[in-house]
Amino acid sequence: MSRSPLNPNQLQSVGSQDALAPLPPPAPQNPSTHSWDPLCGSLPWGLSCLLALQHVLVMASLLCVSHLLLLCSLSPGGLSYSPSQLLASSFFSCGVSTILQTWMGSRLPLVQAPSLEFLISALVLTSQKLPLAMQTPGNCEHRTRARASLMMHLCRGPSCHGLRHWNTSLQEVSGAVVVSGLLQGTMGLLGSPGRVFPHCGPLVLAPSLVVAGLSAHREVAQFCSAHWGLALLVILLMVVCSQHLGSSQFHVCPWRRASASSTHTPLPAFRLLSVLIPVACVWIVSAFLGFSVIPQELSAPTKAPWIWLPHPGEWNWPLLTPRALAAGISMALAASTSSLGCYALCGRLLHLPPPPPHACSRGLSLEGLGSVLAGLLGSPMGTASSFPNVGKVGLIQAGSQQVAHLVGLLCMGLGLSPRLAQLLTTIPLPVVGGVLGVTQAVVLSAGFSSFYLADIDSGRNIFIVGFSIFMALLLPRWFREAPVLFSTGWSPLDVLLHSLLTQPIFLAGLSGFLLENTIPGTQLERGLGQGLPSVFTAQEARMPQKPREKAAQVYRLPFPIQNLCPCIPQPLRCLCPLPEDPGDEEGGSSEPEEMADLLPGSGEPCPESSREGFRSQK
C-alpha cells in the first residue's frame, strides 16, 4: 500500500534552557524512525539575539511587502500621519501577539506577522472604493502589483486631495481587522479549531502547505525584478550558508560555564545565521554601490518620532461598515486555515507531536486578540502565524521559545520607535524578495514531503491532491484575469465572495477537507494509521512513551495558569489540557523550567555518552 517514509533531515529544537548543539551520530536504525536525543547546556544570549534578529528581518520583509502593496492599491492621495508610525503600530501588535502565543497560546516558537490572507481581503475591500475607471482588472492588477514607484505624499492640510479617501479606506480596513480578530477569538474560545484539526489528515494539510509556498510567487518575482543581480546574490548566499556550509562548526564560548570540566560546544554558525549573513552582506554592498530600489511609500523622509507610544484611536477609530464586516469574515477564515497549517508544520519541523486540540484553540484565540489590538491601533494588517518565519526555522534547523520571546520584545521596541522601524524599510526590495523566496521554498518542500504519510499511489488520494492544489491556484487567477467581475447587486456580499474565492490557502484547505472527509477511504490509505486522527500519527507512534510524554508538555499551559484550570467555566475548558493528556498522569503540574523545553529530556542532565558524541563531531 503506502511507501516506506523517507528519513527526513535531523532538525533540532531547543527550549529556553537548551543549547544549539549537533546531535550525536545516529545509530543504525530503521529509515522511518526519528531521533529524539536531548540537547544539553544553555543557549548563549548573544546567539539568541542574533537568531531573534533574523526573525525580525524576515518579519520586516513581510511587513514591508504587505504595507507597500496595500498603499499602492489606493488611489493617489496622502496620509495625515507618517507611514513609519503605521509600520510601527504593526510591529508593536506583532510583538505582543508573539509573546502571548509562545507563553500561553500554542506554546510553539511561532512568530506572529501579517499574513498574505489579510492583504488579499484588504485589497478587495479597497478596490470596492475606487472609481469605476480604476476597477478594470488589468489596471487594478497593474496598480496593485507593479507600481512600486508611486509617490506617497505626507499631507496634513485640509486642501490635500485624497486625504479623506486614504484615511477612510485605512479606517475601513482596520475595522475589518478588528472583526476578523473578534471572530477568530470567538472560534478559539468555543474550541472550534480543536474539533476541526483532528480531521485534517495529510491530504488536507499537505496541499495547503504546497499552495502556501506557491501563493507568494507573484509578489516575490515582482520585488526581485527590481534588480535580479542583488536578488540572485541573496538567494545564492542563503543556499551556500544553509546547505553547503551547514555542517561547518565553530566553537562558541558559552555565556556562563556550567562546571570547570565543561567544554565549548561547537555550533553550525553558517547554517544558524544563513539569513542574517546574506542580508547584511548584500545590504552593505548595495549601500556602497549607491544602488537603491527603496519604495518611496515607506522610506520617504518624514518626521517620524524617535519615541512614540501607540494607543487606540490616535488617528481615527476603526470604521465598521457592512463591507468591513464581510472582509473581516474572509480574513478570519483564511487566517485560521493558514495558522492551523503553521502549527502542524512547526511541530513537524521540530519533531514534536502534533498540536493537541486545546493548544490549537488557545493559539487561534490569542491570534484573534492580537488582530483586535492591531486594528484598534490603526494597523491595516492583523496578526497570524507567519509561514516565512516557520520556513526560516526549517532552513536553520532550529527553533527556540527563548528566541521567540526575544523577537516579541524586539518588535515591541520597534513599535515604540517609528524612526527605528523606518530603518528596516531601507532594505532593498530585491533582498526582501530573495529572503521571502527561499523561506517560501522551504514551506513548499515541507508540503511535498508530507505526502509520503498517505498512500499517494491511491487513485482517491491522487484526485484529492490534484484537485485541491489546481483549484486553489485556478480560481484566484481567474478572478484576476476575468474581464468583468461578478456582481450580486449587494456590495458586502461581493466583497465576501471575492475575498474568499481569491484566498489560495483557504481554497486548498476547504476543498481538501471536504473531499478527504466525504470520499470513502481506509485509515491507512488516508495516512491516519491505527485509527488515530492525527496528521503525524505514524511519527508519534514510533516514539518511546517517556519522550512522547515529555514532548507533549510543550503544549501545556504555564505553571501558574495551569493551576487555574479547575476554576475556568465549563464552556472554556476546551482551552485546558484534559486530565488524560500525556504528562498529566504521573507528575501532575510541572514546574516552569520543565515547560520551557521544546525537546523531551532537554531539561535533564546530559549523560556522558551524549557529551562524548558531541565531542566526536569536532
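**Notebook: a covered helix, a cavity and some loop residues**

I began with helix α20, whose buried residues are covered by elements including α3, α13 (322–349), α19 (459–481) and α21 (504–518). The model is predicted, so I note the limits: local features need pLDDT of at least 70, side-chain atom pairs count only at pLDDT 80 or more, and totals for chains, interfaces and linings use all residues. Residues are numbered from 1 along each chain as its sequence is written, and side-chain values use heavy atoms, with hydrogens and water left out.

**Entry 1: α20**

I looked up how much of α20 is covered. Helix α20 spans residues 491–500, and seven of its ten residues are buried. Buried means under 20% relative accessible area, with over 50% called exposed and anything in between partly exposed (1.4 Å probe, protein chains only). I listed the buried ones as P492, D494, V495, L496, H498, S499 and L500. Helices here are DSSP runs of H or I with at least four residues, strands are runs of E with at least two, and both are numbered from the N terminus.

**Entry 2: the whole protein**

I counted 27 helices and six strands in the protein. Of its 618 residues, 58% are buried. The exposed surface comes to about 24,200 Å², with carbon and sulfur atoms supplying 67% of it; areas come from the Shrake-Rupley method with a 1.4 Å probe, and for residues only the protein chains shown count as cover. I also checked contacts (heavy atoms within 4.5 Å). Among those between residues at least 6 apart in sequence, 87% join residues at least 24 apart.

**Entry 3: cavities**

I found six cavities of 30 Å³ or more. A cavity is a set of points, on a 1 Å grid over the protein atoms alone, where a 1.4 Å probe fits but cannot get out; lining residues have an atom within 4 Å of a point. Points are joined across faces, edges and corners, and a volume is the space filled by probe spheres set on them. The largest cavity holds about 170 Å³. Its lining has 18 residues, and L62, L116, F387, P388 and Q440 are the closest to its centre. Helices α1 (45–73), α3 (116–127), α8 (217–224), α15 (387–396) and α18 (429–449) each give at least two residues to this lining. I sorted the lining of the largest cavity by class and got ten nonpolar, six polar and two charged residues. Nonpolar covers Ala, Val, Leu, Ile, Met, Phe, Trp, Tyr, Cys and Pro; charged covers Asp, Glu, Lys and Arg; the others, Gly among them, are polar.

**Entry 4: positive phi**

Most residues other than glycine have a negative phi. R107 is not a glycine, yet its phi is positive at about 70 degrees. R107 lies in the loop between α2 (83–104) and β2 (112–113), and counts as buried because its relative accessible area is 5%. Q397, also not a glycine, has a positive phi near 60 degrees. The loop that holds Q397 runs between α15 and α16 (401–415), and Q397 is buried at 13% relative accessibility.

Note on methods: 1 Å grid on protein atoms, 1.4 Å probe; cavity = no way out; pocket = protein on both sides within 12 Å on 5 of 7 lines; lining within 4 Å.
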